[in-house]
Amino acid sequence: MRKMHKALVTTAILAVAAVPLAVSAQDIPLPTIHNGQGLIVNQVKTIPGTMGQITDFVNDKTGKFITVTGRGLAPTDQSEIILAITKDTKIIDARGKTVPLKTIIDKNMVVKAFYSPNITKSLPARGTALTLVVQDQSFTGINGTISEVKENGIVVNGTNIYSGYEDTIVLHFADNAQILGQDGKAINASELQSGMSIRAFYGPAVTASLPPQSTTNYVLVTASGETDQEEAPGTSGIITNAAEDKITVIGKAMEQGGVNYVILTVDENTQVLDQDGNTLKLDALKADTSVDAYYGEVMTMIYPAQTHADKIVVKTEEAIKVEGTIVETNRTAKGQVYVDVNSDQSTGNDVILNVLEDTTVIPLIGGETELKAGMKIVAYHSPIMTRSLPGITNAEIVIITSDDHTAANN
């Protein structure tokens, strides 16, 4: 796959993107203008693009949208993006012939999607499609880990980007294979090592052998192994909420950086492993699961922070949760709170929580972290508890859900 460069005059982006010339892999000559000082300069606007399959389609009262999942045509372009399809969007093949969008989706055709540079900072990003160019050949892809390096290829264990199925495949490098490091710069095939996490595209031909074999002309290193994991920012904690493509993790920031409260987008680019390094599916990320979550340094500047999960290690230890109301009592000592579990005013299931220095307390927005009588909380605690009534245990995470009655109880 050759990298496509699109250089267009700023004032003619839409017009040029609409014609069949947009499928050429060559740079488009630009008109020149005088800058008023005797020098001639070019005004250039690079059009970003993503090549891949359409993995989602929405057509409702808000508009028509597609999700293109694959790889960026340039290192700075998106590997996945949601694009609005408008009346000005051109959908053509390499010869400039119009192709129905339904045909592309039904046949899992590969497209090069060019879009306006004005995209959101969300994950995935959102923008407006200028031109979709249907490719003559299809491909598929894998997110996984290199388990073996061969003379002219690699063995990859991971998950198929488009089907979601676990996969193992032997990939041989095409003569013009593009192999990129984590920084998006070209590297040699000899620099690939076992344990590296990669994103690779291959096909359309795949052998019927076990494991299957194919040819790849694009490999992107997404993580360089365990050393990178140790250096990446992250949160060691518990999934407190799991939605369709997002999880909330609360716990302790890693020593190398991170936050104690983060909302993470999880997708086919997220590597999910158990503690033995085995690949898991995304459905392993359930609420009340203990995890180590790793992510990049770039995240939203809102509370809680939001970013994309690069790697999540699912732990085996059980996360034990109680919900209830903190009540005032003379049965607690300094550093302890009494919890009326389920707020049912029954003492048989109540607990006393030791609030330690390393207990993570998540307040309401604009609220305080000091735990007081009347607050409703969700608490995760140690599995070790005294046999007394009520039982006493160490609080690991306390989430304040309401403090409406604080004033009335103090």
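**Overall make-up and confidence**

The secondary structure of the protein chain comprises three helices and 27 strands. Of its 410 residues, 45% are buried, and the chain exposes about 21400 Å², of which carbon and sulfur atoms supply 50%. When contacts between residues at least 6 apart in sequence are considered, 58% of them join residues at least 24 apart.

The mean pLDDT of the chain is 83, with 85% of the residues reaching 70 or more. Over residues 1–44, however, the pLDDT is below 50, although this stretch has 81 contacts in the model beyond near neighbours in sequence. The pLDDT also stays under 50 over residues 406–410, for which the model has eight contacts beyond four places in sequence. Where pLDDT is low, the predicted coordinates should not be read in detail.

**Strand pairing**

Strands of a sheet pair through backbone hydrogen bonds, in either the parallel or the antiparallel sense. In this model, five strands form a closed barrel in the order β11-β12-β13-β15-β14, with mixed pairing; the twist from one strand to the next averages 55°. Within that order, strand β14 (residues 197–206) and strand β15 (residues 213–223) pair in the antiparallel sense over seven bridges, and the bridge partner of Tyr202 in β15 is Thr216.

Strand β22 (residues 320–327) has two pairings to describe. With strand β26 (residues 376–385), β22 pairs in the antiparallel sense over six bridges, and Ile320 has His381 as its bridge partner in β26. With strand β23 (residues 336–341), β22 is joined by four bridges, and these two strands also run antiparallel; here Ile326 stands opposite Val339 in β23.

**Salt bridges**

| Asp106 | Lys102 | 2.6 Å |

Side chains of opposite charge can pair when their charged atoms come close. What separates Asp106 from Lys102 along helix α2? Because these two residues are four residues apart in helix α2 (residues 101–106), about one helical turn lies between them. Lys102 is exposed, having a relative accessible area of 60%.

Lys321 lies in strand β22, whereas Asp288 belongs to the loop between β19 (271–274) and β20 (289–295), so the pair ties together parts that are 33 residues apart in sequence. Lys321 is partly exposed, with a relative accessible area of 35%, and Asp288 is likewise partly exposed, with a value of 28%.

Elsewhere, salt bridges that share partners join Asp93, Arg95 and Asp136 into one network.

Technical notes: Residues are numbered from 1 along each chain as its sequence is written. This is a predicted model: local features need pLDDT of at least 70, side-chain atom pairs count only at pLDDT 80 or more; totals for chains, interfaces and linings use all residues. Side-chain values use heavy atoms; hydrogens and water are left out. Buried means under 20% relative accessible area, exposed over 50%, partly exposed in between (1.4 Å probe, protein chains only). Contact means heavy atoms within 4.5 Å. Accessible areas come from the Shrake-Rupley method with a 1.4 Å probe; for residues, only the protein chains shown count as cover. pLDDT is the predictor's confidence in each residue, from 0 to 100. Two strands pair if DSSP finds at least two bridges between them. Axes are lines fitted to C-alpha atoms, for helices over the stretch in contact, and angles run from 0 to 180 degrees between N-to-C directions. A salt bridge is a side-chain nitrogen of Lys or Arg within 4 Å of a carboxyl oxygen of Asp or Glu.
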